[in-house]
Amino acid sequence: MEEKKDSLTNTCNFMEVSPIMMDLPYPPVKVRGKNQIYADLLSMDYCGSVSEMSAITQYINNENRMSSEKCPLAKTILGIAMAEMIHLQKLGELIFLLGGNIDFTAKPRNGRPKMWTPEYLTIPESAGKMILADIESEKAAIHQYRMHMNMINDNDVNAVLARIVKDEEYHIMMLQTLIKEL
């Protein structure tokens with residue numbers, strides 16, 4: 001006689017999740033002209049250790065690990081990840097317009113280019129520690145964006161970065177609310 005095993009099912013439905021971001025339009029994605037230095041700076045935001053690629057991957061990992069037990073929390077985390085995907089897309093457009101390559105390689109000014117790696121991620125075990133790590137990642141991203149904005153003399157590029165910062169600040173507020181609910 002065959003032994004019947006219990007099956008596990010994740011009943012969290014993500015079909016209606018939308019990006020969680022400020023309800024503001026993005027400025028047009030345009031640049032004053034080609035500038036490899038600016039493209040390289042943005043490559044750090046695109047796929048460096050503090051980057052949209054790292055944020056997306058960390059959020060998706062957290063969402064996957066939370067979804068079966070904390071569905072509402074997982075849905076919020078996925079919505080934030082979706083907003084980070086939009087940021088990644090905007091940065092990619094800017095890098096391309098500036099004359100850079102979209103190759104998942106961060107090009108620091110005083111260092112060797114390095115391809116994105118999951119070693120950049122923080123993967124704690126508990127939901128509370130996941131959210132705290134996400135808050136720290138958002139704060140680091142804001143700091144890096146502001147630093148890059150001070151180094152970039154192109155109002156069009158900086159307008160897009162400033163709009164992304166507004167989303168990152170909103171994400172921190174959302175995450176701080178979530179941690180209080182745990």
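Mentor: Please bear in mind that this is a predicted model. The link of C12 and C71 is right-handed, with 80° about the S-S bond. The sulfur atoms of C12 and C71 are 2.0 Å apart.

Trainee: Which parts of the chain does the pair link?

Mentor: The link joins distant parts of the chain: C12 belongs to the segment before α1 (36–47), while C71 belongs to helix α3 (residues 71–97), and 59 residues separate them.

Trainee: How many disulfides does a search of the whole structure find?

Mentor: The search finds one.

Trainee: Are C12 and C71 buried or exposed?

Mentor: Both cysteines, C12 and C71, are buried. The term requires a relative accessible area under 20%. C47 has 1% relative accessibility and therefore counts as buried.

Trainee: Which residues touch the most other members of the largest nonpolar core?

Mentor: They are L42, M66, V157 and L175, in a core of 44 residues. Two or more residues come from each of α1, α2 (52–66), α3, α4 (127–151) and α5. The largest contribution is that of α3, with nine residues.

Trainee: Taking V157 as a case, what does it touch beyond residues up to four places away in sequence?

Mentor: V157 touches K30, V31, L42, L94, L98 and I152. L42, one of these contacts, is likewise among the residues that touch the most other core members.

Trainee: What is the arrangement of W116 and Y120?

Mentor: W116 and Y120 are edge-to-face, with 6.5 Å centre to centre and 75° between the planes. W116 is buried, its relative accessible area being 16%.

Trainee: Finally, how does the span of helix α5 stand against the expected value?

Mentor: Helix α5 (residues 155–181) has 27 residues and reaches 39 Å from its first C-alpha to its last, close to the 39 Å expected at 1.5 Å a residue. At the start of α5, a side-chain oxygen of D154 comes to within 2.9 Å of the backbone nitrogen of D156.

Note on methods
Residues are numbered from 1 along each chain as its sequence is written. This is a predicted model: local features need pLDDT of at least 70, side-chain atom pairs count only at pLDDT 80 or more; totals for chains, interfaces and linings use all residues. Side-chain values use heavy atoms; hydrogens and water are left out. Helices (H or I, at least four residues) and strands (E, at least two) are DSSP runs, numbered from the N terminus. The expected span of a helix is 1.5 Å times one less than its number of residues. A polar contact is a pair of N or O atoms within 3.5 Å; within protein, one must be able to donate a hydrogen and the other to accept it, and residues adjacent in sequence count only if both atoms are side-chain atoms. A disulfide is a pair of cysteine sulfur atoms within 2.5 Å. Buried means under 20% relative accessible area, exposed over 50%, partly exposed in between (1.4 Å probe, protein chains only). A nonpolar core is a set of buried Ala, Val, Leu, Ile, Met, Phe, Trp, Tyr and Cys residues joined through side-chain atoms within 4.5 Å. Contact means heavy atoms within 4.5 Å. Rings of Phe, Tyr and Trp (its six-membered ring) pair if their centres lie within 6.5 Å; planes under 30 degrees apart count as stacked, over 60 as edge-to-face and the rest as tilted.
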